[in-house]
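Subject: Structure handover

Hello,

Here is the structure you asked about. Please open it and keep it beside this note as you read.

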Amino acid sequence: MIVRNVFRSLYLSSISNSRSMASVIKLNVNDTDTKAAVLKAVSSLQAGNVIAVPTDTIYGVAALAQDINAVKKLYAVKGRNGHNPIAICVSNVQDLFRWSHVTVTQDLLNDLLPGAVTLVFRRKPELNPEFNPFTDLIGIRIPNYPFVQQIAAAAGSPVALTSANISAAKSTLCVEEFENLWPHLDLVFDGGIIGDSEEARLGSTVINLSVPGQFTIIRPGSVYQKTVDILKNKYGLKEFR
């Protein structure tokens with residue numbers, strides 16, 4: 001733990017010394033035309049930066065999963081070293097088949113996505129081997145938040161997405177709650193307050209679907225009961241604890 005924290009401090013110091021505080025961009029959640037903001041986000045991601053975005057659950061920090069240096073920055077911001085996996089965000093259900101070995105029907109995927117769930121499958125070799133290098137699984141999200149979906153679509157590459165907080169710290173519902181990360185981010189997209197209760201901080205429900213015919217709940221998250229009902233009652237999957 002001490003070694004990891006020292007590495008994080010040194011790495012973040014090098015990032016901070018090379019640039020200034022993040023630019024905060026206010027999003028109009030009622031404005032369907034977010035093209036300019038999406039272009040800024042994608043440009044920053046493609047330049048190898050880490051950005052912060054609102055999602056359908058909590059605020060997240062993001063980088064391009066296929067960019068080795070960007071992944072290192074993201075791990076440093078989070079205080080992780082690759083042993084604690086980070087999910088990817090894609091824009092549509094078909095993308096799951098590109099990056100993972102899907103074990104369920106497309107109808108099931110359509111019932112859960114877009115939504116506040118992270119689906120875990122075995123990863124395909126096309127995914128950056130230095131991203132989550134200690135597991136052959138990958139969590140995939142399609143947040144029910146058009147701005148994030150549009151970023152993933154325009155980036156043309158999976159977007160690594162994790163909560164905007166230091167690992168093990170409380171998740172965040174507004175940008176002010178993770179101001180300590182701003183010096184290490186390029187852009188912060190402010191979508192306002194996402195939720196108004198502690199329950200809103202639960203994040204996505206994480207389900208391991210890597211074994212055909214069964215599922216395991218890794219994290220109950222915010223839509224646990226709804227997800228379990230769909231998997232068990234509609235599709236007949238068995239829960240493995």
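Buried here means under 20% relative accessible area. Bear in mind that the model is predicted.

Which strands pair with strand 8? Strand 3 is one of them. Strand 3 covers residues 59-64, and five bridges join it to strand 8. The two run antiparallel. To find this pairing on screen, look for A62 in strand 3: its bridge partner in strand 8 is L161.

Strand 4, residues 87-89, also pairs with strand 8. Three bridges join them, and again the strands run antiparallel. Here, look for C89, whose bridge partner in strand 8 is V159.

**Q106**

Now move to helix 5, which spans residues 106-112. Q106 lies in this helix. Is Q106 buried, exposed or partly exposed? Its relative accessibility is 33%, so Q106 counts as partly exposed.

What does Q106 touch? Leaving aside residues up to four places away in sequence, Q106 touches V93, Q94 and F97. With Q94 there is also a polar contact, side chain to side chain, at 2.9 Å.

One distance to check yourself: Q106 and L96 are ten residues apart in sequence. Their C-alpha atoms are 10.0 Å apart in space.

Best wishes

Notes: Residues are numbered from 1 along each chain as its sequence is written. This is a predicted model: local features need pLDDT of at least 70, side-chain atom pairs count only at pLDDT 80 or more; totals for chains, interfaces and linings use all residues. Side-chain values use heavy atoms; hydrogens and water are left out. Two strands pair if DSSP finds at least two bridges between them. Helices (H or I, at least four residues) and strands (E, at least two) are DSSP runs, numbered from the N terminus. Buried means under 20% relative accessible area, exposed over 50%, partly exposed in between (1.4 Å probe, protein chains only). Contact means heavy atoms within 4.5 Å. A polar contact is a pair of N or O atoms within 3.5 Å; within protein, one must be able to donate a hydrogen and the other to accept it, and residues adjacent in sequence count only if both atoms are side-chain atoms.
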